[in-house]
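Subject: Structure handover and findings

Dear colleague,

Here is the structure for your files, with my notes below it. Please read the notes alongside the sequence.

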Amino acid sequence: MKLIYGSIFTFTLLAIACGKNSAGRRTLNLVSDDEMNTMGDEAYADILSKSQLSRNTTLNNQILTIGQNIAQSSGVDYDWKFSVIEEETVNAFCLPGGKVAVYTGIVPVAANNAGLAAVMGHEVGHAVLRHSAERMSQQLLLQTGLSLISVNFEDSPYKGIIAAAMGIGTTYGIELPFSRLDESEADKVGLEYMAKAGYDPREAVKLWERMGALESSRPPEILSTHPDPANRAKALNDHMAKALELYEASSKKQTINLN
Ligand SMILES: [Zn+2]
């Protein structure tokens, strides 16, 4: 009987917890925005405290400007933060609540402003579409059978899982790649964000081609959580006509070059 009550309870909870993300897809949602943003803030502070921040003023300003442009395009009112981490790893992330970090190792691969806008647009897309909350909900079901977790990231027994759900698990020893569906959603909105901000969206295709070419020689860290750079060219090109319309309509026109 207990089991039946449990099942009914779980079913009801799941029915309540299902919502739609901003891409219109139904998603499982057991963690509130506030909880996700708090965990995002705490994980961000944790990573930054263990990292060497770049002192390159030009690069910091460049990332800040591009990031603010992308944030504005997203139309989401987060407490945005942008940091540049001095590390040769080819990686970048955006945690729930708009906490963005770009590693210096990705800068040569991004190659130019538009490439950086493509990377940041994609990462911001994951955050805005609440992919972390969905992944965390799935992990909660799998690992804890729905018991509540502490929102305190630092002390949580599920720290690794929380980090993995947010796309930064490799830092904490757990890899959890985003799904193909998450990837194509993030690609699609990321392309729109960069185009609206005045960065040529065609540069996104070139960026992931460069990333793919790098894979055989020096596997980029970003590909451990964002698989299949080859597959995304199709999704990007399928959405290119709309992105180019937004780009043409954008009141801003950004230069491609770095400086
Ligand atoms: Zn991704």
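Buried here means under 20% relative accessible area, exposed means over 50%, and partly exposed is in between, with a 1.4 Å probe and protein chains only. Helices (H or I, at least four residues) and strands (E, at least two) are DSSP runs, numbered from the N terminus. This is a predicted model, in which local features need pLDDT of at least 70 and side-chain atom pairs count only at pLDDT 80 or more, while totals for chains, interfaces and linings use all residues. Residues are numbered from 1 along each chain as its sequence is written, and side-chain values use heavy atoms, with hydrogens and water left out.

Overall

The chain has 12 helices and 5 strands. Of its 259 residues, 53% are buried. Contact means heavy atoms within 4.5 Å. Taking contacts between residues at least 6 apart in sequence, 71% join residues at least 24 apart.

The sheet

Two strands are counted as paired if DSSP finds at least two bridges between them. An open sheet is formed by 3 strands in the order E3-E5-E4, with mixed pairing. Strands E3 (81-85) and E4 (92-95) are at the edges with a single partner strand each, so one side of each has no neighbour in the sheet. On average, neighbouring strands of this sheet are turned by 15° against each other, direction ignored. Axes here are lines fitted to C-alpha atoms, for helices over the stretch in contact, and angles run from 0 to 180 degrees between N-to-C directions.

E3 pairs with strand E5 (residues 99-103) in the parallel sense, over 5 bridges. Val-84 has Val-102 in E5 as its bridge partner. The pairing of E4 with E5 is antiparallel, over 4 bridges, and here Phe-93 has Ala-101 in E5 as its bridge partner. The hairpin of E4 and E5 has 3 residues between the strands, and in it Gly-97 takes a positive phi near 90°.

Which way do the residues of E4 point? Ala-92 and Cys-94 point one way from E4, Phe-93 and Leu-95 point the other way, and all are buried.

Helix H3 (residues 57-74) lies across E3 and E5 and runs at about 145° to E3. H5 lies across E3, E4 and E5, at about 35° to E4.

Nonpolar cores

A nonpolar core is a set of buried Ala, Val, Leu, Ile, Met, Phe, Trp, Tyr and Cys residues joined through side-chain atoms within 4.5 Å. The largest has 47 residues, and Trp-80, Ile-106, Val-124, Met-194 and Met-211 have the most contacts inside it. Helix H5 (residues 113-128) gives the most to this core, with 9 residues. Leaving aside neighbours within four places in sequence, Ile-106 is in contact with Thr-89, Val-90, Asn-91, Ala-92, Val-119, Met-211 and Ile-222. There is also a second, separate core of 22 residues, which includes Met-136, Leu-140, Ile-162 and Ala-163.

Helix H11

In helix H11 (residues 229-238), Pro-229, Arg-232 and Leu-236 are buried. Seen down the axis of H11, its buried residues fall within an arc of 45° (the arc of the directions from the helix axis to the C-beta atoms), so they line one face of the helix. The face turned away from the buried side of H11 carries the exposed residues Ala-230, Lys-234 and Asp-238.

Salt bridges

A salt bridge is a side-chain nitrogen of Lys or Arg within 4 Å of a carboxyl oxygen of Asp or Glu. The structure holds 8 of them. In one, Lys-50 is joined to Asp-46, with the closest N and O atoms 3.0 Å apart. Lys-50 is exposed, at 59% relative accessible area, whereas Asp-46 is buried, at 7%.

Asp-46 also meets Lys-159 in a salt bridge, at 3.6 Å from N to O. Asp-46 lies in helix H2 (residues 33-49) and Lys-159 in helix H7 (residues 159-165), so this pair ties together parts that are 113 residues apart in sequence. Both Asp-46 and Lys-159 are buried.

Another salt bridge joins Arg-202 and Asp-200, whose closest N and O atoms are 2.9 Å apart. Arg-202 is partly exposed, with a relative accessible area of 40%, and Asp-200 is buried, with 10%. Through shared partners, salt bridges join Asp-46, Lys-50 and Lys-159 into one network.

Regards
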